Amino acid sequence: MSDTPFFHDASSAVRFFVTVDGQSVSASVGKAALHYHFRTADNADPLETYASHAEEIDAAVRRRLAQGSTPPVMLREHDLRVTG
């Protein structure tokens, strides 16, 4: 299994892994969520958008896990917003 992020055409999402407590956790974020949250151009490459914001996106996965989500974590646009 490769931990390299990739774009999954069928789900229109970037799939990636985040290391949490020494474990590799599977996660994904949709092309639309990336587009709307990061205000990218319509033709922006979602994999490049993910790479540019990987720390922020990985932090969103960790927040979801801390809130009780179980893998695989599927991020939505509102998951990317930092509140409080």
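How many of the 84 residues of the chain count as buried, in percent? The share is 31%, where buried means under 20% relative accessible area, exposed means over 50%, and partly exposed lies in between (1.4 Å probe, protein chains only). The model is a predicted one, in which local features need pLDDT of at least 70, side-chain atom pairs count only at pLDDT 80 or more, and totals for chains, interfaces and linings use all residues. Residues are numbered from 1 along each chain as its sequence is written, and side-chain values use heavy atoms, with hydrogens and water left out.

The pLDDT is the predictor's confidence in each residue, on a scale from 0 to 100. The chain averages 94, and 96% of the residues score at least 70.

Next comes the overall layout. The chain has three helices and four strands, where helices (H or I, at least four residues) and strands (E, at least two) are DSSP runs numbered from the N terminus. Along the sequence they follow the pattern β-β-β-α-α-α-β. The C-alpha trace spans about 35 × 35 × 20 Å along its principal axes. A compact globule of 84 residues would have a radius of gyration near 12 Å, and the chain agrees, with 12 Å. This radius is taken over C-alpha atoms, and the globule rule is 2.2 Å times the number of residues to the power 0.38. Contact means heavy atoms within 4.5 Å. Among contacts between residues at least 6 apart in sequence, 39% join residues at least 24 apart.

The interior can be described through its nonpolar core, a set of buried Ala, Val, Leu, Ile, Met, Phe, Trp, Tyr and Cys residues joined through side-chain atoms within 4.5 Å. In soluble globular proteins, nonpolar side chains tend to be buried together. The largest core here has 17 residues, of which Phe 16, Val 29, Ile 57, Val 61, Leu 75 and Leu 80 touch the most other members. Two or more residues come from each of S2, S3, H1, H3 and strand S4 (73-75). The largest share, four residues, is from S2. Val 29 gives a view of the packing: leaving out residues up to four places away in sequence, Val 29 touches Ala 13, Val 14, Phe 16, Leu 34, Ile 57, Leu 75 and Leu 80.

Helix H1 (residues 31-38) has the buried residues Ala 33, Leu 34, His 35 and Phe 38. An α-helix has 3.6 residues a turn, so residues three or four places apart point the same way. The cover over the buried residues of H1 includes strand S2 (13-20), strand S3 (23-30), helix H2 (46-52) and H3.

Phe 16 also takes part in an aromatic pair. Rings of Phe, Tyr and Trp (its six-membered ring) pair if their centres lie within 6.5 Å; planes under 30 degrees apart count as stacked, over 60 as edge-to-face and the rest as tilted. The count by this rule is one pair. Phe 16 and Tyr 50 form this tilted pair, with 4.7 Å from centre to centre and 35 degrees between the planes. Phe 16 lies in strand S2 and Tyr 50 in helix H2, so the pair ties together parts that are 34 residues apart in sequence. Phe 16 counts as buried because its relative accessibility is 1%, and Tyr 50 is buried at 6%.

Charged side chains make two salt bridges in the whole structure, each a side-chain nitrogen of Lys or Arg within 4 Å of a carboxyl oxygen of Asp or Glu. One joins Asp 79 and Arg 64 at 3.0 Å, N to O. Asp 79 is in the segment after S4 and Arg 64 is in helix H3, 15 residues apart. Both residues are buried. The closest N and O atoms of Glu 77 and Arg 81, which also form a salt bridge, are 3.9 Å apart. Glu 77 is partly exposed, at 27%, and so is Arg 81, at 45%.

A few backbone features remain. Pro 71 and Pro 72 are joined by a cis peptide bond with omega of about -5 degrees, and Pro 72 is in the loop between H3 and S4. Ser 12, which is not a glycine, has a positive phi of about 55 degrees. Ser 12 is found in the loop between strand S1 (6-8) and S2. Arg 39 is exposed because its relative accessible area is 75%.
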